Amino acid sequence: MDRGALFLDTFFKRELIARYLPDILKGMVVTIEIAVAVVITGIALGLALALVRSLRLRLINVPLVVFVDVARALPPLVLVLIVYFGLPNVGILLPSYAVLWLVLSLVLAAVAEEIFWAGILSVRKGQWEAARSTGLGYAQTLFHVVLPQAVRLTVPPLTNRTIAITKNTALGMVIGVPEILNQATTAQSFSFNATPLMMGAIAYLVLFVPVVIAGRWIEARFAWRRA
Amino acid sequence: MDALLQQFFNIDIMVQAAPLIFRGLGMTLLVCAAVVPLGLAGGLMVALAGRARSRAVRVVVAVLVDIFRAAPPLVLLIFVHAGLPFAGVRLTPFASVCIAFFLNNSAYYGEIYRAGLDSVGAGQREAARSTGVTAWQAMAYVVIPQAVRNVLPDLVSNTVEVVKLTSLASVVALPEMLYSADMARSLTYNPSPIVLAAAIYLVLLWPVVRLMSRLEHRLGG
């Protein structure tokens, strides 16, 4: 067999593509479901935490900052393993996809909180004072004056970090979530061929290359122009 | 509460696992010492190639950067470690980790350098050139130092991500800190060793995370 044929036989074997395509597609659905769930809960929780932080209550803010720092300093895989192997021992049984969703949501929430908080801080004090002096309440000022300005600044960094964190759905493979990478490695071990891994890699590219390109467009569109 | 402590903060088990975990920490630091410089150098090459005069080079670099930013690092790692042997390329776990993370990190660092290079005005290069230095000298002594200074917070923050990334090496059985901790966990049926590893990651990275968030708030304000 010449080199080209050998390459095709190793990475793009036609029978195997046909046999394992349904599994990979199933994995893609799982990856998309978990990624979407993580983005929604993570960003919502992050925004909520940033709003709570803006109340500046020391009793709440100290544990909040500790949570954010810890979630940012620990590798996500470490958190996944602690939750996955730890919770059953204290009587909480979660399916593996729920563990992955929970951990990644918390990590994204921590990162999003930092970014939203930096955004809120970046809105000048005069904006608060001007809004309050027109008779708006605290919440009205926050929602109608400060957040619209803050969120615009947060879009580029938030997009980047969100993409990076949703890619961590691949960590599900380690605890047996049937996402793309898990399907691909399982298929690879049955077929003893690298084709399923190549299919898995391509599946990720199909999902995430458009996201990366969209992310770059958003970054340019919302670029923070330094004065 | 007591059950919780027994499960997650079991001191006896932590003490037992400590030697193994600290040996793992050594490997983690070794991996960092390899992949951080590789990524920083690769990223600089990517950023410079991204401004090459040849359009073909620029397009190829842009496509590669997008591919390696889109593929999750764990996917790259598994592909290199479990896929390449079928093509006759058999690598040690350490080499697999270095190659996979070099590809991923170069793309990420590259994007940061690119922003840094863009932030240095063309006048800097022109002024340097007009004093008679070559294009490469102007780049190396005038443009790059300013570019790096402008994006230093992003470089530091990405380096924290790289250090966290090294925990993925446990999946390909490289005996770094998380791998050692997980081995201790499976022997003791108790997640405390992983909590100990987490504590060590925290000691290493928390100061940097704290510093970064102060820098970010100052930039915002």
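Let's start with chain B, whose secondary structure comes to ten helices and zero strands. Reading from the N terminus, the elements therefore run α-α-α-α-α-α-α-α-α-α. Along its principal axes, the C-alpha trace of chain B spans about 70 × 50 × 25 Å. Please keep in mind as you look around that this is a predicted model.

Now bring chain A into view. On the chain B side, 49 residues are in contact with 52 residues of chain A. Putting the two chains together buries an area of about 4,300 Å², and carbon and sulfur atoms give 72% of that area.

What about polar and charged links across this interface? Between chain B and chain A there are four salt bridges. One of the salt bridges to look at joins E111(B) to R216(A), where the closest N and O atoms lie 3.9 Å apart. That pair counts because the cut-off for a salt bridge is 4 Å. Residue pairs in polar contact between the two chains number nine, with both residues at pLDDT 80 or more.

Which helices of chain B give two or more residues to the side that touches chain A? They are α1 (2-8), α3 (55-70), α4 (73-83), α5 (93-119), α8 (152-165), α9 (177-188) and α10 (192-220). Of these, α10(B) gives the most, with 15 residues. Sorted by class, this side of chain B holds 32 nonpolar, eight polar and nine charged residues.

From the interface, let's move on to a pocket. The second largest pocket holds about 450 Å³ of space. It is lined by 18 residues, and those closest to its centre are V70(A), L79(A), I82(A), V83(A) and F8(B).

How do the lining residues of the second largest pocket divide by class? They come to 18 nonpolar, no polar and no charged. On the side of chain B that touches chain A, by contrast, eight polar and nine charged residues accompany the 32 nonpolar ones.

Key:
Residues are numbered from 1 along each chain as its sequence is written. Chains are lettered from A and ligands numbered from 1 in the order in which they are written. This is a predicted model: local features need pLDDT of at least 70, side-chain atom pairs count only at pLDDT 80 or more; totals for chains, interfaces and linings use all residues. Side-chain values use heavy atoms; hydrogens and water are left out. Contact means heavy atoms within 4.5 Å. Buried area is the accessible area (1.4 Å probe) that two parts lose on being put together, summed over both. A salt bridge is a side-chain nitrogen of Lys or Arg within 4 Å of a carboxyl oxygen of Asp or Glu. A polar contact is a pair of N or O atoms within 3.5 Å; within protein, one must be able to donate a hydrogen and the other to accept it, and residues adjacent in sequence count only if both atoms are side-chain atoms. Helices (H or I, at least four residues) and strands (E, at least two) are DSSP runs, numbered from the N terminus. Ala, Val, Leu, Ile, Met, Phe, Trp, Tyr, Cys and Pro count as nonpolar, Asp, Glu, Lys and Arg as charged, and the others, Gly among them, as polar. On a 1 Å grid over the protein atoms alone, a cavity is a set of points where a 1.4 Å probe fits but cannot get out, and a pocket is an open set with protein on both sides within 12 Å along at least five of seven lines; lining residues have an atom within 4 Å of a point. Grid points are joined across faces, edges and corners, and a volume is the space filled by probe spheres set on the points.
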